[in-house]
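Welcome! Here is a short briefing to read alongside the sequence and the 3D view.

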Amino acid sequence: MLEFKHVSYHYPATPPVIPDLSFKIEKGEFVALAGSNGAGKSTISRLSNGLLLPSSGEVTVGGFNTKTTRASQIARKVAFLFQNPDRQICQNTVREEVSFGMRVQGFPEEEIKARTEAALETFSLNGDWSPFTRSRGERQRIALASVLAGKPELVILDEPTTGLDYKECTAIMDHIAKLNREEGLTILMVCHDMELIQSYAGRVLVLNRGTLLGDGPTRQIMKDRELLSKARLRPAQIPNLALRLGAGFEDVYTVDEMAALLQKRAGHKEGEE
Amino acid sequence: MNLLQYQPGNSFLHRLNPITKLAAAFLYGAACIISGNLFLVTALIILMILIAATAGLGGRALRLTRNLLILGALMFIIQLFFVRSGDPLLVTGGFVWVTTGGLVSALLLSLRVVAAMLPLMLLFAITEISDLCGALVKKLHVPYRYAFIVTTAFRFVPLFTSEFHDIEDAQRARGVEYDTRNIVKKVQLVAPLFVPLLTSSLRKVDAGAISAEVRGFNLRTYNSGYQQYPFHLADGAAVVLLVALIVVSAVL
Ligand SMILES: Nc1ncnc2c1ncn2[C@@H]1O[C@H](COP(=O)(O)OP(=O)(O)OP(=O)(O)O)[C@@H](O)[C@H]1O
Ligand SMILES: [Mg+2]
């Protein structure tokens, strides 16, 4: 679905932000891109859909080479949610906003109508609202609804939940996870919240100064304390606690697993007495 | 924008007091406007380029001169056909198109425009706006409020530019095609972008104003700044030279 082949990138008149990067994401994966501030996460996500072109190397996405395909054409297959919804929202009503992307991409009118209403329904939005006066969380939901309405194959999310409260955050993430599970939507999520990554992503790319330090299943990455500290990231709480507790807790990963194991141990003790 | 950007340096020009630089740019421009002598005005343009070269800005001065000459050429053409004194120069079918008086005054006007604008534009290359405003507040007791408006306005230009690029990117990611040649279509596509630009800018400005206020913006007086802007001997010398230049250009 998405492949970086020896990609390097530098902004005009700066040293390379990304020296040499290669990775591949298959269809249907839920991948998190983790790294500290300035690691190059946003740069990579912009390289992924042709908003930036690599200085050398190649990026292919959805079968397109970003160098030879227009960003607007890639947009049919690849949706991009920015951290700040206000950069995207430009229409007077939520309904117009949600249909805007499909309209510029030339979808047939009936399809636009049907998909817009479906998206409004799934994201619990009122099509007649003015998007500008809604709360931050609602604006983010409007932005997400409008990038997902066109049924893309890959969604790139650049820190989709910063500034959202717990409820909005889980609502958005649960919806994305559902699309991933049920419709095979491929997801690349830029994020430095390790708790969020642990709850949703199946695979993690760990980035430090434009270089890939680690790439593997979330479970495995969460246990690699050395790798995470090299990338200046903190493991999620439960894996961290499990590491502290040491022997017997190696495979504990979620709150439920931890609770089950602790209860079992407590039960044993009571039984022994 | 690029041609007006500050270029850090430590040359004689850079080290002058910001107020001296401002005054000098105006005096130099005034000398060019006062002078009615074509050769003197041309010489002053060349001299300005040489002066800029001492601060490592020769290339920039040449490029600015070229751009200003384009503007000058426009004014030249307009003036050429409107001033009708002196002997006829270009006559077709009994109608006088161009006169000698028109030619001279058009040349003079366009060269004056170039000569007077050049030092003002180079001023931005050797002076940071914040220094200029700081000095105006400290030395001339310009109210800080007004100086702040100027510095902020300048600071917002690159901010708006990058914000606009990000907005454009967000729309391109949704499939909007901006690199069309059709001007009407381009305007139709770009116009809606001003909505997000306006909303996000107003949010930023509002937040900026509040944060300035809570940090005691109103308590600031001309004396609050830490940076001092002393005058040196060189500043005096520069002003004397420029006044002399004005006298010369008025006489010649
Ligand atoms: N337009 C630009 N021009 C020059 N340098 C830039 C530009 N944008 C980003 N950079 C630099 O590139 C590096 C990577 O930036 P990037 O935005 O990709 O990081 P990030 O991982 O997304 O960080 P954050 O967590 O803060 O969003 C940073 O060092 C940054 O200073
Ligand atoms: Mg970023």
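How far is an oxygen atom of ligand 1 from an N or O atom in the side chain of Ser42(A)? The distance is 2.7 Å, and the protein covers 58% of the 630 Å² of accessible area that ligand 1 has on its own (Shrake-Rupley method, 1.4 Å probe). Please keep in mind that this is a predicted model, where local features need pLDDT of at least 70, side-chain atom pairs count only at pLDDT 80 or more, and totals for chains, interfaces and linings use all residues. Residues are numbered from 1 along each chain as its sequence is written, chains are lettered from A and ligands numbered from 1 in the order in which they are written, and side-chain values use heavy atoms, without hydrogens and water.

**Around ligand 1**
- The residues around ligand 1 (a heavy atom within 4 Å) include Tyr11(A), Ser36(A), Gly38(A), Lys41(A), Thr43(A) and Glu159(A).
- By class, this shell has 3 nonpolar, 7 polar and 2 charged residues; Gly counts as polar, Tyr as nonpolar, and Glu and Lys as charged.
- Asn37(A) has a side-chain N or O atom 2.9 Å from an oxygen atom of ligand 1.
- From Ala39(A), a polar backbone atom lies 3.2 Å from an oxygen atom of ligand 1.

**The open sheet**
- Four strands of chain A form an open sheet in the order β2-β1-β4-β5, with antiparallel pairing; strands are DSSP runs of E with at least two residues, and helices are runs of H or I with at least four, numbered from the N terminus.
- Its edge strands are β2 (18–25) and β5 (64–65) of chain A, each pairing on one side only; pairing requires at least two DSSP bridges between two strands.
- Inside this sheet, β1 (residues 2–9) and β4 (residues 56–61) of chain A are joined by 5 bridges in the antiparallel sense.
- Ser8(A) has Ser56(A) as its bridge partner in β4(A).

**A strand covered on both faces**
- In β6 (residues 78–81) of chain A, Val78(A) and Phe80(A) on one side and Ala79(A) and Leu81(A) on the other are all buried, that is, under 20% relative accessible area with a 1.4 Å probe, protein chains only.
- In a regular strand the side chains alternate between the two faces of the sheet.
- β6(A) runs parallel to β7 (residues 154–158) of chain A, with 4 bridges between them.
- One bridge partner pair is Phe80(A) with Ile156(A) of β7(A).

**Helix α3**
- The buried residues of α3 (residues 94–104) of chain A include Val94(A), Val98(A), Phe100(A) and Met102(A).
- The buried residues of α3(A) pack against α4 (109–122) and α5 (136–148) of chain A, together with α7 (144–172) of chain B; contact here means heavy atoms within 4.5 Å.
- After α3(A) comes Gly106(A), with a positive phi near 75 degrees.

Technical notes:
Buried < 20%, exposed > 50% of the residue type's maximum accessible area, 1.4 Å probe, protein only. Polar contact = N/O pair within 3.5 Å; in protein donor to acceptor, adjacent residues only side chain to side chain.
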